[in-house]
Amino acid sequence: MAFERNFKRGINILLTGGGTGGHVIPCVAIYEILKENFNIRKALYLGLKGKAEDYIVPSYNIPLHYINSSPFAGFSFFKKIRALLKISRGVFESMLEIIRFKPNLIVAAGGYVSAPVVVAGFLLKPFFKYSIVLDEQNLVPGLLNKVASLFADTVFVNFKESVYFIWSNHCVYTGYPVRKEYRVDYSVEEEKRKLGFKEKEKIVLITGGSIGARTINKVVANSIENLAEFKDTVFVHSIGLNSSKDYNAFEDTVKILQSKGGLKFEVEGEIIRGFKEEKLFYIGMRFIRNIFEYQKASDLIVSRAGAGAISEILALSKAALLIPKRGLPGDHQELNAIGIAEKGGCEVLFERRIDGEDCIDKNEFVSTVSELLARDEVRKKLSRKAGVLFYDKTEEVIVDTVRRLLNGEKEEINFLSGVYEPEFVKFQRYFDNLVHYLDAIPEKERSTNLYARFYSLKIDEYLGSQDFMVVNRGIKLIGSLRLNDRYEYLYRHFDSFKGFLRRNVLIAFKKSDNFYEFFAETVKKGLQDSYFEVRREAISLFIRFFREMSCFDEIKEKILEKIYERFESFEVICEAIKASALILDEDRFISLNRRFLTHRNVRIREAILDAVRLAMKFSSFEDVEKLSVFLKKMLITTSEFKPVFSVRQKYFDTLKALEGKND
Amino acid sequence: MIKIIIDLCQANGIHFGFFRLVNYITFRALMGMVFSLFFCLVYGGDLIVLLYRKGMKDTSGEDNVTPYSKRGTPTAGGLLIIISTMFSLFFWGNFTNTYVIVLLVGFIYTGVVGFIDDFLKVRFKSSLSGLSQMGKTLMLMAFILPFAVFFLSHLNPMPEQLKTLIYLPFYKTPVLSLPPIIYGSFIVFTMFSIVNAVNIVDGMDGLLGGTGIIAIGVYTVFAYVIGNSALSSYLLFPYIPGVEEIVIFCSILIGAIAGFLWFNTYPAEVFMGDTGSLAIGSVLGMVAFFLKQEFLFPIVGGLFVFEIFSSFLQEKIGFKMGRRIFYRAPYHHTLTYRGIAEPKAVVRLWLISIVFALIALLSLKIR
């Protein structure tokens, strides 16, 4: 075998990546996978001082060296220059490390520390022989990672959709590399015993990642009295390492906890224990080193919806309640969680934004947790589904790819081809895509559909915005989600809205299932509007609810006036003609519209046909023969024409037929 | 190239009777046009297949491909225009002429910018994922700013006193002379607008092909007049030596666009993409300045001006007001929205631009 021939003395691996545990852990996991399959002589980790790698890496017996680096995006211009200087310093440092270490393989797992290492690796590539592998766990990579991907030989991605964002064309789908501990079989009871819990005790692990999640910590601390009510349940809380100026995760949480009366809390170093009637029900820790033991032992995991956290839950096939972080680029944590929850792998609780601060609704949190704890069969179902969703070929793919890289057979790697445009990119790019999607949700599922749930939380934020196009989004969402309790709000603000918004308010009303009194008022206002699309939609709203509005003679008269009006937009006239079929009887309809039979504009002639069809549908005309006589006089030579590419048609028919056979 | 060889031969006393024809602008212009046209017709089909194989497929419109939609048509067909123009220019162009060199550089550079835009659209499978507004502006400015500097510098062979004069159509004497700085910023603004205007018209099968030929054709006539000392003094134009070579460049480009139109006309087998539209736009702008007929452009390219004006009103002003001003913008979409089929709308717009071209040609004599 070529591999053994070339690397008899073993290979040197240079690892890097960090900032948060989310970048360090997969890097370590890849190292472990490689260690099992290759003969590794030396390994070295390049990281930042004082970050997550400082805590995690030493426990895996990998030597850790420090370099300089700095985040880049989101800074002002001068800070960006300073960041660039720091990064270039990091590049020099890592070049020195590479020269000293002579690696065969560089594994960079994202985070801003990996960018200088990858660049240094690229610069030194002509002089040394090694391959660079970048591991990207996030759906949406950061700017530095996108740049770094250009210098890497291969990029391991956790989501196929990441290919859409990564600039390099050498992506391999590996799934999330979880650590060795997650890849072995285990029994929950034994793990519980190991940690000193009783078997009948239910364990709930609450974690916000290695840094910690402020909102989760707050909601746990504030609802600790409710949590203490649960019988035979221990809450294990990983509070997090965050100790920045405005938030000290551990200290602040302890402060809130100790202010609660009726419960006893003991602080012991970096651990806080809570007792109710001398019974342990809460353990909070600054950082849990052996977190996988707790994860294995737990019955329910409350966690952030980062890619790593989700993969670990899926690998262990655990029941989980995911609380995605709000406001990340592309809302990707929320959409990660929705992706899993749609397949039945977890429960989701969304953060809200109230008074400019993210928070989790306390009652919602307590009730969801209690429901999950009370019903064993639900938890079992969740955990079974989660196990199925785990991608278990990660190890195979990584080993295979690395072997090919080391042997210099880069051409034989199966790189991902094609672009997988993520759903949410479609939604964000064309907001109407989302609106169409939400429109199509059947009425029954509207309350349970996750996208509907998620976006209904965002409406307040949209409506409160200063930018009227953002308010527009809120209005569209109200329409497509049929939130009838907010119609009143739209009606009250109708006059203060701009043209597009007025139009969309009317469209939103049109989608409503029920008729409300103020719709008629809105139609009246809309008919006098200065914007033609509003007038059009007002008449269209009348057509939608013409039975309910049949008693408003004023509206009817105004609509009929529109037909005669000079210089009226043809769109409005079209709608008015359609409405006239519902308002008038056939004789008056014919006499009114006779002059449009030979109108120069095709769309107006088309509207007469639509009107007749509409009238037949609602059977408001009795004498149909008169109409056919009337329509025979119509000018049907038109300038309008819709092409049919017959070969295309046949092509799609053939494809459809072939697919039908395969099924 | 042929011109240089023949000149060299004649300088050394070798005379081919027949090749004296090469000294005539009209002969070279017509031969160039024929060369580029035939190049397109011969290699066009292959290039379209090649573009399709390389995945340059149009991404506009809805996501689903239906029998009615045009999504998936090979795009970046402007490459055909650029390649055939270069091919024909290699034979018939005179590369010792500064105007030809600048035109060629601008033509190719803007074509490359357009190709990058097209490529990004294809790579990310969406018509919105091309170069950002800012990126496109910067990349175009990277050509337009040097062009303005060149125009005012000594590298430009135009007579020094003529450079900053302003001629209005239908008016025989220059109206005023601007200071170089102001005229330079005027060049930048006008070039940028022209390039964008031409780019925006490219939205229907064969629309820019036809209107582009007509507009460039008018400027070809002007270039012939202004580059000919007898004709220009007869028609009271300022004589600019050297611009007669623009006739050759323009007629070659007309041939190339006509050859492209062969495939691009409704229903289109290939789209020009930004590759072609930016390149054509930059040529139109540069030629207008080289001929000192920049104020003729609102007439020659009246359609382009109107389209970008409608688009500007709709997107910038209408958006601020929160309403639509036109039913759809740019204006050719309004036509289809009102129920005029695409081929009909395209031919009508050609006819309108012919009317504009005739008015512009009137200004040759009515002065």
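**Reading the model**

Mentor: In chain A, eight strands build an open sheet of mixed pairing, in the order β10-β11-β12-β9-β8-β13-β14-β15. Strands (E, at least two residues) and helices (H or I, at least four) are DSSP runs numbered from the N terminus, and two strands pair if DSSP finds at least two bridges between them. This is a predicted model, in which local features need pLDDT of at least 70 and side-chain atom pairs count only at pLDDT 80 or more, while totals for chains, interfaces and linings use all residues. Residues are numbered from 1 along each chain as its sequence is written, with chains lettered from A and ligands numbered from 1 in the order in which they are written.

Trainee: Which strands of chain A stand at the edges of the sheet?

Mentor: β10 (264-268) and β15 (347-348) of chain A do; each has a single partner strand, so one side of each lacks a neighbour in the sheet.

Trainee: In which sense do β8 and β9 of chain A pair?

Mentor: Strands of a sheet pair through backbone hydrogen bonds, either parallel or antiparallel. Here β8 (residues 202-207) and β9 (residues 233-238) of chain A are parallel, over six bridges. K202(A) has T233(A) of β9(A) as its bridge partner.

Trainee: How is chain A divided into domains?

Mentor: Domain bounds come from an automatic or database domain assignment. Chain A has domain 1 (2-176 + 394-412), domain 2 (182-389) and domain 3 (423-631). The centres of domain 2 and domain 3 of chain A, taken over C-alpha atoms, are 47 Å apart.

Trainee: How many residues of domain 2 of chain A are in contact with domain 3?

Mentor: Two residues are in contact if their C-beta atoms, placed from the backbone, lie within 7 Å. Eleven residues of domain 2 of chain A touch eight residues of domain 3 of chain A. On the domain 2 side, α13 (332-342) and β16 (352-354) of chain A are the elements that give two or more residues, and α13(A) gives the most, with five residues.

Trainee: At what angle do helices α23 and α24 of chain A cross?

Mentor: Axes are lines fitted to C-alpha atoms, for helices over the stretch in contact, and angles run from 0 to 180 degrees between N-to-C directions. The axes of α23 (residues 517-527) and α24 (residues 532-544) of chain A cross at roughly 145° and come within 8 Å. The contact involves F519(A), V523(A), G526(A) and L527(A) of α23(A), together with V534(A), R535(A), E537(A), A538(A), L541(A) and F542(A) of α24(A).

Trainee: Is A76(B) buried or exposed?

Mentor: A residue is buried if 20 or more other C-beta atoms, placed from the backbone, lie within 10 Å of its own, exposed if 12 or fewer, and partly exposed in between. A76(B), whose phi is near 65°, is buried, with 27 other C-beta atoms within 10 Å. F170(B) has a positive phi of about 65°, but counts as partly exposed, with 13 C-beta neighbours inside 10 Å.
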